[in-house]
Amino acid sequence: MISTHDQFGGTARAKKIFLGNSPWNKPGHIGVRAGCRWPHFELAISPYMPFPFYLAYCASLLKKNGFEVMLVDAIAEKIDEDAYFARMKAFEPDFVVHEVATASIHTDFRHAKIVKKMFPEAKLLFGGPHHLMYKPEFLNDHPEIDYAIEGEYEVVALKLAQNLYDQKAIEQIQGLTFRDSTGTPKSNGRAPLVGLEELPWPAREFLPMDVYWDNQGNMPTPCLQVHASRGCPFTCNFCQWPQLMYGGNKYRIRDPKDVADEILHCRDTYGSKSFYFDDDTFNIGKKRIIALSQEFINHKLNMPWSAMSRADTTDIETLHKMREAGMVAIKYGVESADQKIVDDCGKKLDLEVATRNIKETIRIGIKCHLSMTVGLPGETPDTVKKTMAWVDDVNPDSVQFSIATPYPGSLLYDQLIAKGHLMSGEFDEYDGANRSVIRTDAMSPQQIEEAHHQLVSRWHRKRFVTKLWRNKAHYARECLKHPAVAMNVIGNAFKKMANVGSVDKSPA
């Protein structure tokens, strides 16, 4: 166990490091935290499960540098608190790293107290996108937490562990919030951004690789989630990773061959049958994307893949090259069909170019998933209808409607406070899948929630009708054979759709 002398000197040690994505749930729902850019609750039956990239990279870096490591993703494994802390207890760590988030922070605080009760001499580190913990006074309010890291935490956590183990001072470690020898909290600000070439591949050997799922294209599973870049050169005011984790808009890329090597390794080691790039914005740089696509061809991956992309930074040639390399699906973040809303939120997406590229994407056989946001500043009932009509026109294969959620530390959060449009300070309510904590000039939180509900339920009704129409001959025959059953099935389907996206009022 870590023991303290003065503060970190004397016999201080850090040999065994436990990293965790601790349980976060409520009745009927499971929280998604690590690996998710907008932590929120999903229905317990939802297959969606993001890969915990920061935790996995951090575990791999620590392991490479000689530390004994255990990484547990309790959310992916769907284990409860008793099972999670039993795993921790059996490992007997000197040092615990928890990834936390604003929406889950009250659960994270409770878990911190459990860690300290179990291992009073162990050191506890919080990492992740929670802006308030980047300030020194955070440690005054939470004595059970020893350290917090501002932004990307892999390299900073390694330096901290090394200094503790070697009984060296930690006061000069950039990115660290800590207590000095007098017990006074101090913060060293943000560390330089990580060079992606410094990071070994994520420590997937600890994780349930067949569980992670972000697969809008219905690709074969298990589907590998991987990063080819970090960062985004655009300035969306709501996006928390560039603002909180990176502290800016620098775009960093990996070597295309190394990316292809990693995918090949995961195919052969974990049985991955497809892969998805969960980058902030995958398709930046035409030459780079064509080079990546060529590497997939050269490596003979022969695996379908998809990527989180931007709809106005591609062109027809690039789309066709990606299709040649096996791309079968793509996600485009569009947010709104109103150009002023898109411009004012900092995204500055060219909707005319985006619409053309989306239609070309679909035309050449790449399945298209759109990500839309309800309630951004400037939203009105008319702009909601405009978005509905635009989605109908481009006719994607799938679409996700989220509620704009302002995380502390983001520009959107500051803008809403300045306008008096932030309607709740209860972080448990910062769940963009279910609740609105904001208003616009024209819409109340309740109206935003209702608009979200209408968009989601309308989309599901449309897909249901489309499915019936595409198979009309079959369903017509079956309806004639079993009219009562058919009416019951259709009635129940529409009743269920009316509840899709409904506002969840149960306590977190």
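In what order do the three strands of the open sheet lie? The order is S2-S3-S4, with antiparallel pairing. The model is predicted, so-called local features need pLDDT of at least 70, side-chain atom pairs count only at pLDDT 80 or more, and totals for chains, interfaces and linings use all residues. Residues are numbered from 1 along each chain as its sequence is written, and side-chain values use heavy atoms, with hydrogens and water left out.

Strands here are DSSP runs of E with at least two residues, and helices are runs of H or I with at least four, numbered from the N terminus. Two strands pair if DSSP finds at least two bridges between them. Strand S2 (25–26) and strand S4 (40–43) are the edge strands; each pairs on one side only. Strand S3 (residues 29–32) pairs with S4 in the antiparallel sense, over four bridges. Ile 30 has Glu 42 in S4 as its bridge partner.

Arg 204 sits in the loop between strand S10 (185–187) and strand S11 (223–226). Its relative accessibility is 1%, so Arg 204 counts as buried (under 20% relative accessible area; exposed is over 50%, partly exposed in between; 1.4 Å probe, protein chains only). The side chains of Arg 204 and Glu 262 are joined by a polar contact of 2.6 Å. Such a contact is a pair of N or O atoms within 3.5 Å; within protein, one must be able to donate a hydrogen and the other to accept it, and residues adjacent in sequence count only if both atoms are side-chain atoms.

Ala 161 belongs to helix H6 (residues 154–165). Ala 161 is buried because its relative accessibility is 0%. Ala 161 and Leu 62 are 99 residues apart in sequence, yet 8.4 Å apart in space, C-alpha to C-alpha.
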